[in-house]
Amino acid sequence: MSLEVFKELAGLSTTIGKQPDFVQSGGGNTSVKFGNGLMAIKASGCRLSEMTADKGFVVINQQAVKEYFDRVDMSSGTDYEKDAVEFVNNNIVDFPGIAKMRPSVEAPFHSFLKCVVIHSHSVYANILCCSSEGESLASRIFEEELFIWIPYVNPGFTLSWVIKKAVDERVEKTGVFPKVIFMQNHGVIVSEDTSSSCIALHEEVNRKIIDFFQLPMPYPAPSIQKVNEGQYKSTGELVTSLFDMSKANYEYLDHYALYPDQLVYLNKSFALKDRKILVEVNKEVLYNASEREASGIEDTLAAYLYVLDIISKLKLNVSVLNDEQKAFIYGWEIEQYRLKQAGG
Ligand SMILES: [Zn+2]
């Protein structure tokens, strides 16, 4: 039985993960609940597109994590940021033949949503999530009852806690479970009873945003080409047309900080001594990285440029992370781990 669940999760993950407009590099995560209170969830830093029925996910005791969040007492003085991660890691269930890894740091919020969960960094959702008008636009595109909007909070414990409170409050007030959750400056979560209905709902949410803004389709595919051993150049339309020397610096990316994954996968590549992204005078965008890492940077850069470009074309106001929010991400130990895993 459990093997079927792993196949189901891998199928769901690769379906979503192979679309660079939905998921870039190690971003996004998926989960399926099964058995007696267990949940298979993407492992931290792994890529959704690379998940198989025996690699790229972990099994955790979802019931225990859910109950842990029911017991949270914010007045207790507990360092929940640390404690919650430890608790989740202590509730990993070993399965023979499954590679040992850390669960996604976003595992807690999966534990109190519906049976199947897809969390993506969809560029369409992020047009809403990264603009100041996003919440009110979402109310025009979607039925109020269907979704909740989560104002930006630090990822990790705080985000899961805020989502739990918002979901509980909504269910109590309306009796309707919010299947769609928009997270400001981050992405979207959808949850459903089955994998096929969850994929369909994720598709529908994105389709509605595309239709509302009449966005030209298809999404221009990111792509890279080998130049030398350890060096690749961008051949994707978005990066080659939208990225130039004026943007190819840490200051630009830091100023227009849209979401945590941009800081982890792009900004850090600029901050490193041996810079991984180079823009030459003849406008070639070069990645000094392995093929896998270069394609991850290309996908992330393309999505980032797309979201910024569309927000500007739609004459919306871009919403960016403040210094405190950025400092939290830059200093996050968990992200160091995630970056290492995703880079391979
Ligand atoms: Zn995320």
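**Exercise 1.** Determine which way the side chains of strand β6 (residues 147-150) point, and whether they are buried or exposed.

*Solution.* The coordinates are those of a predicted model, in which local features need pLDDT of at least 70, side-chain atom pairs count only at pLDDT 80 or more, and totals for chains, interfaces and linings use all residues. Residues are numbered from 1 along each chain as its sequence is written, and side-chain values use heavy atoms, with hydrogens and water left out. Strands (E, at least two residues) and helices (H or I, at least four) are DSSP runs, numbered from the N terminus. Phe147 and Trp149 point one way from β6, while Ile148 and Ile150 point the other way. All of these residues are buried, that is, under 20% relative accessible area with a 1.4 Å probe and protein chains only.

**Exercise 2.** Find how β6 is joined to strand β7 (residues 180-183), and what unit the two make with helix α7 (residues 157-174).

*Solution.* Pairing requires that DSSP finds at least two bridges between two strands; β6 and β7 run parallel and are joined by four bridges. Within this pairing, isoleucine 150 has methionine 183 of β7 as its bridge partner. Together with α7, the strands form a right-handed β-α-β unit, where right-handed means that, with the strands pointing away from the viewer, the path from the first strand over the helix to the second runs clockwise.

**Exercise 3.** Identify the pairing partners of strand β3 (residues 57-61).

*Solution.* Start with the strand itself, in which four of the five residues are buried. Strand β2 (residues 38-42) pairs with β3 in the antiparallel sense over five bridges, and leucine 38 stands opposite asparagine 61. Strand β4 (residues 92-93) also pairs with β3 in the antiparallel sense, over two bridges, with isoleucine 60 and isoleucine 92 as bridge partners.

**Exercise 4.** Characterise the second largest pocket by its volume and its lining.

*Solution.* A pocket is an open set of points on a 1 Å grid over the protein atoms alone, where a 1.4 Å probe fits, with protein on both sides within 12 Å along at least five of seven lines; lining residues have an atom within 4 Å of a point. The volume, which is the space filled by probe spheres set on the points, is about 180 Å³ for the second largest pocket. Its lining includes Tyr252, Leu305, Asp309 and Ser312, and α12 (291-313) gives the most, with five residues.

Terms used:
Buried means under 20% relative accessible area, exposed over 50%, partly exposed in between (1.4 Å probe, protein chains only).
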